[in-house]
Amino acid sequence: MNSLEGKKYNIITFGCQMNEHDSETISGMLREKGCVEVPDKEESDITIINTCSIRENADKRFFGTLGQLKKLKKKNPDYIACVCGCMMQQQHIIDTVKEKYPWVDIIFGTHNIHRFPELLENVYNEKQKVMEILEDREEIVEGLPSKRLYRHKAFVNIMYGCNNFCTYCIVPYTRGREKSRKPDDIIDEVKRLVADDVKEVTLLGQNVNSYKGENTDGSICDFADLIYRLNDIDGLERIRFMTSHPKDLSDKLIQAFVDCRKLCNYIHLPVQSGSSSVLKKMNRKYTREQYLELVRKLRAAVPDITISTDIIVGFPGETEEEFEETLSLVKEVCYDSAFTFLYSVRKGTPAAEYEDQIPEDVKHERFNRLVDLINEGSAAKNALYEGRTEKVLVEGMSKKNDDTLTGRTEGFKLVDFEGDKDMIGQIVDVEILHGRTFSLTGRIK
Ligand code: 5AD
Ligand code: SF4
């Protein structure tokens, strides 16, 4: 029997879908070792905190949670506390963890997730702490198990890392340079998922548009080629992807939206700012006009495409006029939804050194104006759905209500409607009754 058999584990995940998916992999590997997942860290023998360095306040929440593990360690001498993820790719964070939270047993980063079970066994067997971090690896480790959060939809990494070095962003430092998986490996994984009841896959990468996988004959498969190949997989119903960098969005990909039935008419296209001068300082490599042109082309090719975005407010040096350019871009595009971020300093990035940081009160004031405008746009867009019939993949029961199902339209809109739980996993026709700011409600047709 291995030393992990029967151990109870709990994973706490902060951050983006990439992190959620890493947690699915960690969970899959632990299950393979005979461990059992428990819903609450208080009941666990092993807690893993998967950290994020992008989201605001992620570090405060992380250190707060880490503090709570001390009492679990006291209660159970065999208890093991592990931390992993993006934050652990930064030396100053590791130093803080080691110094102030000495009860942590294992620290590992984003490049060596596959070694986690082995590290854990070492800790059980040798009773010593392990710190396995930092180095970027050359090759991608294939074939790791995964325990999915949803039965009928899955996340599939197609590439890792980022080469873009936007001046505010820590990701290129924590996730390393871009590496693409081979298309055959991705297709095999998706086929296996489909055989296991998955209807929808979301392809993940920091910038999927620069995907370049190597075919068996040595030629290159670009992102649009990959979509065409996935579109041919029998039994797969929906393909989504995130995230797209506007500078790399090709006409070929826009054509793929037209040609590939399974590619959902939805794109997350982070703009970050509506001002060309701010975009230049952010090192985004496109202008406001180029972004708007992309939106125009997407809508010309796919009239009902839904578009979401990310926007940063209060980037160093952002003037009121530049901020107003963001407002006017938001009005012009009329996003279906948007994630808004207050600019916050990330140690080690170029923008952290810029001297013209924006005062917090100004950032907040701009943020509120922006959110109001975005919500107005989302409500207006969602109202247009009233009376339409949408194809909805039923994801599960609503958290709020026992006889309510919840699912997503092709355009990624959340819909609540009454129905039976037997429908989970099916794609059903739902007539939309109300369009609200953040979701729709409807009834089965
Ligand atoms: N401050 C605020 N927002 C940031 N993002 C990335 N880095 C920062 C930062 N330092 C946002 C960007 C990105 C999203 C995932 O997080 O908008 O698209
Ligand atoms: Fe960060 Fe820019 Fe890379 Fe996105 S594209 S992960 S914002 S550096």
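Here's a quick briefing on the overall fold and on one loop residue, Asn 215. The model is predicted, so to speak plainly: local features need pLDDT of at least 70, side-chain atom pairs count only at pLDDT 80 or more, and totals for chains, interfaces and linings use all residues. Residues are numbered from 1 along each chain as its sequence is written, chains are lettered from A and ligands numbered from 1 in written order, and side-chain values use heavy atoms, leaving out hydrogens and water.

**Overall fold**
- The protein chain has 12 helices and 21 strands (DSSP runs: H or I of at least four residues for helices, E of at least two for strands).
- Its radius of gyration is 22 Å, close to the 22 Å from the globule rule for 445 residues, so the chain is as compact as a globular protein of that length (C-alpha atoms; the rule is 2.2 Å times the number of residues to the power 0.38).
- Among contacts (heavy atoms within 4.5 Å) with a separation of 6 or more, 74% link residues 24 or more positions apart.

**Burial**
- Of the 445 residues, 55% count as buried (under 20% relative accessible area, 1.4 Å probe, protein chains only).

**Around Asn 215**
- Asn 215 sits in the loop between strand S11 (212–214) and strand S12 (220–222).
- Asn 215 counts as buried because its relative accessibility is 17%.
- Leaving aside residues up to four places away in sequence, Asn 215 touches Pro 183, Ile 220, Cys 221 and Arg 229.
- With Arg 229, the side chain of Asn 215 makes a polar contact of 3.3 Å (N or O atoms within 3.5 Å, one able to donate a hydrogen and the other to accept it; residues adjacent in sequence count only if both atoms are side-chain atoms).

Note on methods:
Buried < 20%, exposed > 50% of the residue type's maximum accessible area, 1.4 Å probe, protein only.
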